[in-house]
Structure formats: C-alpha cells, structure tokens
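Have the model open while you read.

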Amino acid sequence: MKRLLAVRKPFRNLRAAVVSATTVLSLGLVTLIAVLATGSYIATEAESGTLSGGATVISDSAASGGKAVQFASSSSGHMVAVNTAAQLTGALNAAKPGDTIQLADGTYSGHFNSTASGTSSAPIVLTGSRNATIDGGALTSGYTLSLGTKNSGATVSYWRLSGFTLTGGQKGIMFDNVQHSVIDNVLVQQTGEEGIHLRDNSSDNTIQNSAVAKTGQDTQAFGEGIYVGSAVSNWGTYSQGAPDHTNRNQILNNTFSYTGAENIDVKEGTHLGSISGNHFDGTGMCPVATADCNFADSWIDMKGESWT
C-alpha cells in the first residue's frame with residue numbers, strides 16, 4: 001500500500017492548459033487539467049491504494065514528496081465503440097486483453113457470448129450507460145450475455161462488465177468457468193429464470209453495486225437473483241461430472257427485488273465466498289410449494305461451506 005501526494009504545477013499561461021491527448025498517452029501518465037479562478041493547473045494525483053495495471057512509483061524531483069506515478073504503455077488493447085448488435089457480436093468474438101468495448105445508448109437484441117480472456121494487468125471491459133440495453137428477447141430460452149462455454153472445462157478470465165442494463169432471455173448473465181472477473185453497477189431485470197449465475201468452477205469473481213429485479217418471469221421456481229454453483233444433480237451437466245467448486249466469489253452491495261425464488265442461492269460444493277452489504281427484498285418470492293414454484297422461504301439459501 002503506497003500513498004502518493006497530489007502534484008500541481010502552475011502553467012505560465014492559459015495556452016499551456018491545452019495538452020495533446022496523443023502526448024498524454026505516449027507519456028503513459030494520468031493527467032488532470034483543472035482550470036481554477038486563479039489560474040490553470042495540471043495535476044497528477046493518486047490516492048491511497050494498491051498500484052496495479054502496470055503502474056509504478058518513480059522518482060520525480062519536481063513532484064511533491066519527490067515521487068510520481070507512471071503507467072506502462074500497451075500496444076494491445078484499444079477502445080471498440082459499438083452501436084449495433086452485429087458490432088457487439090463482432091467485438092466480443094475479437095476481444096483481446098486490454099480492450100474496452102463501449103456500448104452506445106440503445107438496444108442490442110440477441111444472445112451474446114465471448115470465450116476470450118483478458119489478463120490481470122489488461123482485463124477486457126464491456127461497459128455502457130443504463131440506457132445501453134442488452135435484450136435477450138423471449139423468456140423461454142437462451143443466455144442473454146454469457147462468458148465461457150457450458151460444461152467445456154475451458155477457462156475465461158479477467159473481464160469487467162459495468163454500467164449497462166440487461167433484460168430478457170431465459171437467464172441473464174451466465175459465467176461458465178470464469179475467473180477473476182467483475183460485474184459492477186449493472187441492472188439485470190425481466191429474465192425468464194435466474195438473473196446472474198456463476199457455475200462450472202467460476203471462481204474469484206465479484207458481483208457488486210448492481211441491481212437484480214423481476215427474475216423468474218417465465219419459471220418462478222428458478223428465478224433466483226444470483227445463483228452460485230450447481231445442484232449436485234447437475235454436476236454431470238455443467239461441471240464435467242465433478243463437484244462444482246465455484247469458490248471465493250464476492251457478492252457485495254447489490255439490491256434485489258421481486259425475484260421469483262431466493263435473492264441469492266448458494267449451492268453445495270462452493271466454498272469461501274463472501275456476501276456483504278446487500279439490500280434484500282422478499283416481495284414476489286414463492287411463499288408455498290406448488291407445481292410451478294419451489295418453496296422459497298429466505299433471502300439467502302446457503303448450502304456452500306465457509307462462506308461469510
């Protein structure tokens with residue numbers, strides 16, 4: 001853990017406030033221009049935290065405290081702007097470490113998948129505003145957005161999904177053997193069954209700051225908000241016949257409402273996860289067991305081991 005002090009250097013004149021984006025990128029420095037009432041400044045700042053993504057502390061006699069932050073440049077990853085479903089499919093298929101796939105506002109209809117992986121220093125990012133909606137259509141079939149391949153054993157790693165809305169499809173977001181990935185500030189709603197499902201040994205992932213609502217709109221019994229792992233009866237279908245060790249996942253600061261089944265369902269075989277800071281609402285869950293509805297009597301159904 002390193003703490004770096006802010007560095008502010010006054011410009012000699014207002015023209016100096018214009019900095020070429022190409023120059024900033026070639027230097028590999030994070031630069032913030034602030035125009036104040038008393039003059040113009042260029043500031044390089046870092047708060048307390050752990051440096052990552054190729055960032056290093058370097059000596060700089062002009063900086064306060066004699067230290068600055070430098071980021072390694074990368075020739076891989078780039079911004080991929082998409083505004084149609086076909087473009088999104090192409091970007092997911094061609095994704096490489098460091099890519100940021102930027103969703104323009106609008107609706108992207110279909111079922112979307114990627115088997116690409118990022119790296120710890122260059123994750124693949126899929127991001128958009130709440131007005132960018134991935135729509136899986138009919139509630140009776142299909143995964144609206146999935147990473148990995150069902151029951152294949154192949155690993156997908158280092159993704160970050162953020163900001164956008166996902167609706168429709170039988171299942172919302174599906175992770176099959178996905179590692180070290182983040183779902184952050186995503187809205188998942190109006191799915192036929194579960195909203196978000198991590199399975200087939202998907203481990204070391206985080207679901208945070210997201211909202212899950214109105215799941216189980218086709219089959220209420222299978223309408224969990226977040227589902228972790230697989231029932232033992234499904235290990236042959238989803239985890240190559242072995243226990244589904246979907247381990248060390250964190251579910252943090254999410255909001256659940258009107259889920260057909262439990263807000264969170266954690267299955268046997270999973271270990272060492274964490275659930276913290278979430279807002280639960282049992283409205284809409286099955287109160288009794290019927291032909292169409294399993295008995296859901298809790299916000300969290302916990303069958304995993306060593307969860308906190």
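## Ground rules

A residue is called buried under 20% relative accessible area, exposed over 50%, and partly exposed in between, using a 1.4 Å probe and protein chains only. The model is predicted, so to speak of a local feature takes pLDDT of at least 70 and side-chain atom pairs count only at pLDDT 80 or more, while totals for chains, interfaces and linings use all residues. Residues are numbered from 1 along each chain as its sequence is written, and side-chain values use heavy atoms, with hydrogens and water left out.

## Salt bridges

A salt bridge here is a side-chain nitrogen of Lys or Arg within 4 Å of a carboxyl oxygen of Asp or Glu. That rule gives seven salt bridges. Lys171, Glu193 and Glu194 are joined in a salt-bridge network.

Helices (H or I, at least four residues) and strands (E, at least two) are DSSP runs, numbered from the N terminus. With that in hand, take Arg160 and Asp184, whose closest N and O atoms are 3.1 Å apart in a salt bridge. Arg160 sits in strand β14 (residues 159–162) and Asp184 in strand β18 (residues 182–184), so this pair ties together parts 24 residues apart in sequence. Arg160 is partly exposed at 31% relative accessible area, whereas Asp184 is buried at 13%.

## Two more pairs

Asp176 and Arg199 also form a salt bridge, with 2.7 Å between the closest N and O atoms. Here strand β16 (residues 171–176) supplies Asp176 and strand β20 (residues 196–199) supplies Arg199, which links distant parts of the chain, 23 residues apart. Both residues, Asp176 and Arg199, are buried.

Arg248 and Asp204 meet through their side chains in a salt bridge, at 2.8 Å from N to O. Arg248 is in the loop between α3 (235–238) and β24 (250–252), and Asp204 is in the loop between β20 and β21 (206–208), so the pair ties together parts 44 residues apart in sequence. Arg248 is partly exposed at 39%, and Asp204 is partly exposed at 26%.

## A look at Thr246

Where does Thr246 lie? Thr246 is in the loop between α3 and β24, and is buried, with a relative accessible area of 0%.

Contact means heavy atoms within 4.5 Å. Leaving aside neighbours within four places in sequence, Thr246 is in contact with residues including Leu198, Arg199, Asn201, Val228, Gly269 and His271. The Thr246 side chain also reaches the backbone nitrogen of Asn201 at 3.2 Å.

Technical notes: Polar contact = N/O pair within 3.5 Å; in protein donor to acceptor, adjacent residues only side chain to side chain.
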